[in-house]
Amino acid sequence: MHGEYKIPGGKLVVVDVETEDGVLRHVRVAGDFFLEPDEALTAVNRALEGAPVDTDAAGLAARIDAALPEGTVMYGLTSEGVAVAVRRALAHATDWTDYDWQLIHEGPESPALHMALDEVLTAEVAAGRRPPTLRVWEWGAPAVIIGSFQSLRNEVDAEGAARHGIEVVRRISGGGAMFVEPGNTITYSLSVPDALVQGLSFQDSYAYLDDWVLGALGEMGIRAWYQPLNDIATDQGKIAGAAQKRVVGPGGGPGAVLHHVTMSYDIDADKMLEVLRIGREKMADKGIRSAKKRVDPLRRQTGLAREDVIGRMIASFGARYGLSRGKVTDDEMARARGLAETKFSSPEWTARVP
């Protein structure tokens, strides 16, 4: 069995392993990491040899830590990263490069239709009718998108939203509320087979699926990092938030993961605070008087037009994993429009948690 794991902010770890009588055998760890002294690699392999196959990542990492020679130095490598690579091998996880990725980047759509497209396209990936897909959104109207489990009245100032003509929609994933305006926001979705994140914890899957965009930002001169559980941050502030939803495949078979990210290119902080109650509460709790100190737009950090930032992100993804341009099919769009009208525009769904 073969497992690979790119440690967020680090290097690639590759594990080849066999199993016999319920334990790990013939473990071989490799990768482009740095490790001193040389005998530390032998110690890692020996620590994993004979481990029960049901040992979780934390248990495998503990075995490695206990076996490392005194003074071992790891660069681009962690014991936890090796353990995750082992778990991915045992789970027969796939890698990004195992797939033919498709890009969807079409014209502006309504907030409700974007919510519906996420659900439909991810279900299509789960059913095996669509390849793994990167979809870049264009917003047709300003909106507040609340998480699946958030209270509508606790998160949104209804009067403020109405005054500014801002639509409120609820998405299928958890997490917090997002304030978006066309031209000021960059949003993308990844709809991927769940095999891509097999062997990863829920938290690790966020870091794993965000790693490519950290690289893209780095190419634009922004040193960004994953901040658990679901933020992307820089030394000048938070720039993005992510959320996920697991979708079960037909008949309960292998499914798919929806991972979507909203990034602040620019922001009207005063308007945001008139619409989002949670913004005021979080800042009061942290002793921060201005939203500008919490969300730092990409426009200022890159000096690039929004279209250029998106273009560079797409190019970076394609250079890593390959990417062909596609489109939403007529059938997918028809189903999404139906869901947008019957579900995502309905008061029952939007206020399902009042």
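Predicted model: local features only at pLDDT ≥ 70, side-chain atom pairs only at ≥ 80, totals over all residues.
**Exercise 1. List the residues that line the second largest cavity, and sort them by class.**

*Step 1.* Start with the term: on a 1 Å grid over the protein atoms alone, a cavity is a set of points where a 1.4 Å probe fits but cannot get out, and lining residues have an atom within 4 Å of a point.

*Step 2.* Now read off the lining of the second largest cavity: Phe179, Val180, Glu181, Asn184, Thr185, Thr262, Met263, Ser264, Asp266, Ile267 and Asp268. Two or more of these residues come from each of β10 (178-180) and β15 (256-264), and β15 gives the most, with three. Helices (H or I, at least four residues) and strands (E, at least two) are DSSP runs, numbered from the N terminus.

*Step 3.* Sort by class, with Ala, Val, Leu, Ile, Met, Phe, Trp, Tyr, Cys and Pro as nonpolar, Asp, Glu, Lys and Arg as charged, and the others, Gly among them, as polar. The lining of the second largest cavity then splits into four nonpolar, four polar and three charged residues.

Residues are numbered from 1 along each chain as its sequence is written, and side-chain values use heavy atoms, with hydrogens and water left out.

**Exercise 2. Find the residues nearest the centre of the largest cavity.**

*Step 1.* Three cavities reach 30 Å³ or more, and the largest has a volume of about 80 Å³.

*Step 2.* Of its 13 lining residues, Glu106, Gly107, Glu109, Leu117 and Arg135 lie nearest the centre. β6 (102-105), α4 (111-126) and β7 (133-136) each give two or more residues to this lining.

*Step 3.* By class, the lining of the largest cavity has six nonpolar, three polar and four charged residues.

**Exercise 3. Describe the second largest pocket.**

*Step 1.* Unlike a cavity, a pocket is an open set with protein on both sides within 12 Å along at least five of seven lines.

*Step 2.* The second largest pocket has a volume of about 370 Å³. Among its 21 lining residues, Tyr5, Ile7, Pro8, Asp204 and Ala207 are the closest to its centre.

Terms used: Points joined across faces, edges and corners; volume = space filled by probe spheres on them.
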